[in-house]
Amino acid sequence: MHRECKINVHKTDQLVIIEVLGDLTAAAENAMDAAYHEGCDNNARNILIKFDGKSRINSAGIAIMIDLVIKSQEKGRHIFMSGVSEHFQKIFKLVGLTKYTTIVASEEEIRNV
Amino acid sequence: MTSEAENRYADGFTEDALVRRVYYLNTLYELNQEISTLKDARAVLGASLLYLIGVFGVKRGLIVIYKAGQAQPHEFAHRGMHEDTAINAVRQLKRHLEDMAQGHSPGSMREVFVVRDDIDSPMAAWLKDYQFRVWLPLEIDEQTWGGIALGERLSEMTFTAEELELLSTIALNIQSVLNNVLLIEALHQSVIKETRIRNVFQRYAPGTVINEVLNPSNEALLLGDSQAVRRMFDEMIARLEEQHTLEQDLDLAHSVQAYLLAEPPHIPGIEVAARSIPARSVCGDFYDFISLNPYEVGVSLADVSGKGVSAAMIAMMLQAATRMCVGSYYPIPAILAILNRFMFRHTEPTRFATMFYAQVNAQRHTFTYSSAGHPPAMLCRNGVIQLLEKGGPIVGVFEQCLYDQETIELQPQDVLVIYSDGVTDAGVTPETDDAFGEERLEAVVVTYASLPAHALLDKISDEVAGYASGHKQFDDITLIIMKVDG
């Protein structure tokens with residue numbers, strides 16, 4: 001069974017962090033969409049989707065991620081991801097998400113870049 | 001995992017391939033779980049498209065159904081495209097599909113269509129205009145049809161044969177659910193009409209209808225409690241509606257299962273016959289034949305624990321998962337290991353299945369099999385029965401299982417009998433456990449081994465039915481007979 005998904009948004013001028021606690025599935029679509037719009041109401045160019053390391057992301061969750069990637073590209077924003085397990089990194093590579101996003105170990109890595 | 005298992009996994013597929021395969025199977029399962037709970041067609045289309053976009057990593061998608069005689073699409077959903085663009089797309093698509101159906105335009109509305117530069121047709125032009133790469137038709141019934149269009153992939157890869165197979169399987173599931181949902185929608189519409197009629201009766205002739213349908217000795221009627229009578233009437237209508245829906249669901253499930261039972265294939269030099277007799281409206285057993293190449297066929301027979309609709313649904317899922325695994329030429333032990341893990345992760349702990357899977361090669365004259373806790377198939381050669389017992393545990397109980405396989409060199413006149421335990425358990429009642437049994441089955445096979453496969457199948461069925469005559473059939477009965485020409 002899926003774990004309930006809670007989404008928090010933290011933002012600075014440079015970086016929007018969308019924190020995903022739980023599993024990313026179809027049930028989280030509206031919350032993710034709202035978090036994206038709440039987080040991106042400024043000019044931040046970088047977005048970090050921060051998973052909790054145990055998050056399970058099914059096909060519907062990946063479709064939600066694809067939606068965010070396409071929206072971000074249209075606005076010239078780049079998506080980073082952290083806390084993605086090795087298994088889901090393979091899935092992201094399989095569906096092509098890694099071509100459009102960057103997986104990082106922590107938000108510090110983005111700030112250093 | 002043992003080194004032996006690693007060797008097996010190394011034989012033909014990689015870790016990445018395993019991740020991909022499990023991801024595809026998970027998607028198939030979860031999509032089916034999700035849409036089977038939905039009540040309206042729009043929600044089914046929306047959820048289906050969400051999963052399709054995610055599983056194939058595509059940038060845009062459209063799913064639409066039309067009903068004959070309606071100018072506008074019945075329902076549609078889209079992702080990755082603007083609403084106006086999607087509306088234009090579905091309007092134009094209807095014209096192309098109708099032109100194809102009437103033969104005014106090349107192509108068939110029943111075919112999977114993959115965009116290629118060298119194909120030029122109105123349908124190809126439509127797909128290119130809207131940046132789609134693949135089209136898969138949906139055929140709900142004679143009056144309702146549509147399809148799925150998927151766009152460019154993030155990976156920029158083209159769709160492989162394996163992925164098109166998965167897409168076809170997903171489409172089959174979506175069709176089944178839509179069929180059900182549309183029936184319920186139609187029933188709901190008829191209930192609304194019926195309610196209007198009842199309201200008219202109650203307004204102009206209160207009590208008339210109620211007195212006709214309820215027993216005059218009813219206490220509420222005798223006491224003149226009109227509110228109670230009305231409540232009874234409503235409850236009775238609700239029960240009738242529920243019963244009607246359940247019967248329609250069962251009919252639908254029965255039709256879907258019958259559709260999924262494959263016709264025995266033509267294998268050069270080998271005659272094949274198969275039959276499945278459910279104990280109830282639907283069956284927890286299934287058999288299937290999957291063509292691997294002109295000389296090789298995959299043969300599966302499985303028995304899911306439990307009975308009725310729940311077992312039948314799991315059987316259908318297991319059958320679809322088996323087809324997907326088999327299509328990629330994995331070794332047989334690996335196929336059963338993947339199916340085991342799939343069942344373990346996605347069914348209740350009390351759900352499991354026994355399964356026999358084999359590949360028959362008519363060119364090499366071989367029969368390679370593995371049995372997952374299934375009753376041993378029988379090989380009858382020169383009047384002697386050999387039990388085919390290699391394999392491993394039933395699927396769905398343990399997360400990691402290993403399976404053995406064995407290859408039999410086929411000889412002329414060999415007879416192979418694959419069956420579910422409904423055959424050997426026939427005749428068992430709550431009072432007695434005197435079943436038909438393996439020994440009687442072996443005796444029938446040896447006695448009538450010279451008959452053609454279909455005649456032997458009839459003979460075994462007759463013997464089982466005769467033995468169990470007068471007793472209710474408690475378990476599904478499934479049989480496959482294969483006979484080598486000689």
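1. A polar contact here is a pair of N or O atoms within 3.5 Å; within protein, one atom must be able to donate a hydrogen and the other to accept it. In this predicted model, the side chain of B:Ser420 reaches the backbone oxygen of B:Asp476 at 3.4 Å. B:Ser420 sits in the loop between strand S15 (415–419) and helix H12 (421–424) of chain B. Its relative accessible area is 0%, so B:Ser420 is buried.

2. What does B:Ser420 touch, leaving out residues up to four places away in sequence? Its contacts are B:Asp285, B:Leu301, B:Asp303, B:His374, B:Asp476, B:Ile477 and B:Thr478.

3. Now the fold of chain A. It has four helices and five strands. In sequence order the pattern is β-β-α-β-α-β-α-β-α. Chain A has 113 residues, and 47% of them are buried. Take the contacts in chain A between residues at least 6 apart in sequence: 67% of these join residues at least 24 apart.

4. Helix H5 of chain B covers residues 122–129. Its buried residues are B:Met123, B:Ala124, B:Trp126 and B:Leu127. They lie on the same side of H5(B), because the arc they cover around the axis is only 160°. Against what do the buried residues of H5(B) pack? The partners in chain B are strand S1 (61–67), helix H4 (83–101), strand S3 (113–114), strand S4 (132–141) and strand S5 (144–151). After H5(B) comes B:Gln131, with a positive phi near 60°.

5. The interface between the two chains comes next. On chain B, 22 residues are in contact with 22 residues of chain A. The two chains bury about 1,900 Å² between them, and 61% of that is on carbon and sulfur atoms. In chain B, the residues that lose the most area to chain A are B:Tyr23, B:Leu50 and B:Leu154. Together they account for 32% of what that side buries.

6. Polar pairing also occurs across this interface. Seven residue pairs are in polar contact, both residues being at pLDDT 80 or more. On the side of chain B that touches chain A, the elements giving two or more residues are helix H2 (15–35) and helix H3 (41–56). H2(B) gives the most, with ten residues. By type, the residues on this side of chain B are nine nonpolar, five polar and eight charged.

7. How many salt bridges are there between chain B and chain A? The count is three. One salt bridge pairs A:Glu29 with B:Arg79, with the closest N and O atoms 2.8 Å apart.

8. Over all chains the count is 17 salt bridges. In chain A, the side chains of A:Glu107 and A:Lys50 form one at 3.6 Å, N to O. A:Glu107 is in helix H4 (residues 107–112) and A:Lys50 in strand S3 (residues 46–51) of chain A, so this pair ties together parts 57 residues apart in sequence. Both ends are partly exposed: A:Glu107 has a relative accessible area of 22%, and A:Lys50 is at 29% relative accessibility.

9. In chain B, B:Arg323 and B:Asp288 meet in a salt bridge at 2.8 Å, N to O. The pair links distant parts of the chain, 35 residues apart: B:Arg323 is in helix H10 (residues 308–326) and B:Asp288 in strand S7 (residues 285–293). B:Asp288 is buried, with a relative accessible area of 1%.

10. B:Arg345 and B:Glu399 form another salt bridge, with the closest N and O atoms 3.5 Å apart. B:Arg345 lies in helix H11 (residues 332–346) and B:Glu399 in the loop between strand S13 (391–392) and strand S14 (406–409) of chain B, so the pair ties together parts 54 residues apart in sequence. B:Arg345 is partly exposed at 41% relative accessibility. B:Glu399 is partly exposed too, with a relative accessible area of 35%.

11. Finally, a network. Salt bridges that share partners join A:Glu29, A:Asp33, A:Asp67, A:Lys71 and B:Arg79 into one network. The A:Glu29 and B:Arg79 salt bridge, with its closest N and O atoms 2.8 Å apart, pairs two of these residues.

Note on methods
Residues are numbered from 1 along each chain as its sequence is written. Chains are lettered from A and ligands numbered from 1 in the order in which they are written. This is a predicted model: local features need pLDDT of at least 70, side-chain atom pairs count only at pLDDT 80 or more; totals for chains, interfaces and linings use all residues. Side-chain values use heavy atoms; hydrogens and water are left out. Buried means under 20% relative accessible area, exposed over 50%, partly exposed in between (1.4 Å probe, protein chains only). The arc is that of the directions from the helix axis to the C-beta atoms. Contact means heavy atoms within 4.5 Å. Buried area is the accessible area (1.4 Å probe) that two parts lose on being put together, summed over both. A salt bridge is a side-chain nitrogen of Lys or Arg within 4 Å of a carboxyl oxygen of Asp or Glu. Ala, Val, Leu, Ile, Met, Phe, Trp, Tyr, Cys and Pro count as nonpolar, Asp, Glu, Lys and Arg as charged, and the others, Gly among them, as polar.
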